[in-house]
Amino acid sequence: MSDRIYNEWAHIYRALGLEPRPVTPGTKAAKLRGWQKPDTEIGQRIVESWDDKYRAFGIGLRMGTPLPGGGRLGALDIDHDSYVRPMEGLLGKIVSGRIGSKGAVIFVRVMGDLPNSKFKVKGEAGAEYGQVVECLFNKTFCVIPPTIHPDTNQPYRWIGTPLHEVDFSLLPRIGA
């Protein structure tokens, strides 16, 4: 696996109009100050300087980035394997997504001004089962392949078509 993940991939995603962010090695986080801001607020020269400065970091994408043809990039982060198939039943076959250690992330086209949301379920006799889905729609972050997952020490992997190869108009539409 390359030790130049961010350096190799960031320019590809920027060319598609997406906003890559460096993922601190050994984490699932963008610890760069101000990463939530759009590239236009940060400045193109600064964003491009990250390619070398953070070359050995992993890569993630800022959610809420406008997509060609309307809508914004979003993701449904499914935290349990047992909820992936029901989500496919609602959205159809996964067009583009990724797998880390459990569950999956499904990339979507967010239409309208939907808030980020978290969905939890309860277990037997009201016992908390926990969060099962998180809607990552705006000023949130999603780690993508080939970043190394901190728990498995293996790269995240794509399901469906890799996001950098997908026709964004084919992503499931969420919202108005």
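Mentor: Two strands are said to pair if DSSP finds at least two bridges between them, and the strands themselves (E, at least two residues) and the helices (H or I, at least four residues) are DSSP runs, numbered from the N terminus. What you see is a predicted model, in which local features need a pLDDT of at least 70, side-chain atom pairs count only at pLDDT 80 or more, and totals for chains, interfaces and linings use all residues. Residues are numbered from 1 along each chain as its sequence is written, and side-chain values use heavy atoms, with hydrogens and water left out.

Let us take strand β4, which consists of residues 96–99. On one side of the strand stand S96 and R98, on the other G97 and I99, and all four are buried (under 20% relative accessible area, where exposed means over 50% and partly exposed is in between, with a 1.4 Å probe and protein chains only). Both faces of β4 are therefore covered.

With β9, residues 157–160, β4 runs antiparallel, and four bridges join the two; G97 has I159 of β9 as its bridge partner. β4 is also paired in the antiparallel sense with β5, residues 104–111, over two bridges, and here R98 stands opposite V105. β4 and β5 form a hairpin with four residues between the strands, and in this hairpin G103 takes a positive phi near 65°.

L163 lies in the loop between β9 and β10, the latter being residues 173–175, and L163 is buried, with a relative accessible area of 0%. Although L163 and G97 are 66 residues apart in sequence, their C-alpha atoms are 7.4 Å apart in space. Leaving aside neighbours within four places in sequence, L163 is in contact (heavy atoms within 4.5 Å) with S96, and also with L18, L61, L73, F107, W158 and F168.

Just after the helix, G17 takes a positive phi of about 90°.

Finally, look at the loops. In the one between β8 and β9 sits P146, and the peptide bond from P145 to P146 is cis, with omega near 5°. N153 is found in the loop between β8 and β9 too; its phi is positive, about 60°, although N153 is not a glycine, and N153 is exposed, with a relative accessible area of 59%. K139, in the loop between β7 and β8, is another residue other than glycine with a positive phi, here near 50°, and K139 is exposed at 54% relative accessible area. P25, in the loop between β1 and α2, also counts as exposed, with 52% relative accessibility. Not counting residues up to four places away in sequence, P25 touches A56 and F57, while P25 and P38, 13 residues apart in sequence, are 23 Å apart from C-alpha to C-alpha.
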